[in-house]
Amino acid sequence: MRIGLDLIEIPRIERALAREGFRERVFTDAERAYCESRPNPAQHYAARFAGKEAIGKALGCGVEWRWREVEIAGRPKPGVRLSGWTRSWADRVKAGTIDLSMTHSRELAAAICVVTDTVLDVG
Ligand SMILES: CC(C)(COP(=O)(O)OP(=O)(O)OC[C@H]1O[C@@H](n2cnc3c(N)ncnc32)[C@H](O)[C@@H]1OP(=O)(O)O)[C@@H](O)C(=O)NCCC(=O)NCCS
């Protein structure tokens with residue numbers, strides 16, 4: 001089992017969201033649709049940003065430049081879907097189930113990720 005943890009200041013994400021192209025480069029359509037539907041989108045964007053970092057740490061790979069290959073979507077508890085190179089990496093390191101929990105307050109957002117090892121079917 002492997003874990004990853006990340007904490008981020010929401011104003012930092014707010015500033016990034018003001019930059020042209022940031023939201024599209026980092027977040028998938030489903031992530032943007034959810035965050036934009038909330039009264040304070042930055043809190044949810046920040047939680048997902050922390051979530052992607054936490055998943056990258058638990059998997060032992062970087063998520064920078066591959067943000068959208070880690071999708072955090074679904075309600076009420078968001079699930080994690082990997083694609084592309086990050087999916088291949090997870091298979092290569094024999095990652096099993098990926099579980100993520102996120103939280104956010106006015107100033108901070110945090111996420112913790114637990115990745116189980118693949119259970120080999122020896123039957
Ligand atoms: C789940 C709950 C505790 C969230 O608490 P909160 O103080 O409102 O919010 P937090 O900032 O700590 O966490 C919010 C995040 O929790 C996650 N979350 C929401 N509902 C969840 C659920 N049922 N299970 C797991 N995670 C959940 C989401 O990721 C959410 O962030 P998002 O909207 O950006 O996706 C609250 O909504 C609640 O009491 N719900 C009803 C009871 C429940 O489902 N409890 C959890 C299972 S026992």
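Here is a short tour, starting with the ground rules.

This is a predicted model, so local features need pLDDT of at least 70 and side-chain atom pairs count only at pLDDT 80 or more, while totals for chains, interfaces and linings use all residues. Residues are numbered from 1 along each chain as its sequence is written, and side-chain values use heavy atoms, leaving out hydrogens and water.

**Around the ligand**

Who sits around the ligand? The shell is made of Tyr34, His44, Arg48, Pro76, Lys77, Pro78, Met102, Thr103 and His104 (near means that a heavy atom of the residue lies within 4 Å).

| Side chain | Distance to a ligand oxygen |
|---|---|
| Tyr34 | 2.5 Å |
| His44 | 2.7 Å |
| Arg48 | 2.8 Å |

On its own, the ligand has 840 Å² of accessible area (Shrake-Rupley method, 1.4 Å probe), and the protein covers 41% of that. Helix 4 (41–59) and strand 4 (95–104) each give two or more residues to the shell; strand 4 gives the most, with three. (Helices are DSSP runs of H or I with at least four residues, strands are E runs of at least two.)

Elsewhere, Met1, Ile3, Leu5 and Ile112 make a nonpolar surface patch of about 430 Å². Such patches take residues with over 30% relative accessible area and no salt bridge (a Lys or Arg side-chain nitrogen within 4 Å of an Asp or Glu carboxyl oxygen), with nonpolar side chains joined within 5 Å and like charges within 9 Å. Ile112 belongs to strand 5 (residues 108–117). Ile112 is partly exposed, at 37% relative accessible area (buried is under 20%, exposed over 50%, partly exposed in between).

Technical notes
Polar contact = N/O pair within 3.5 Å; in protein donor to acceptor, adjacent residues only side chain to side chain. Buried < 20%, exposed > 50% of the residue type's maximum accessible area, 1.4 Å probe, protein only.
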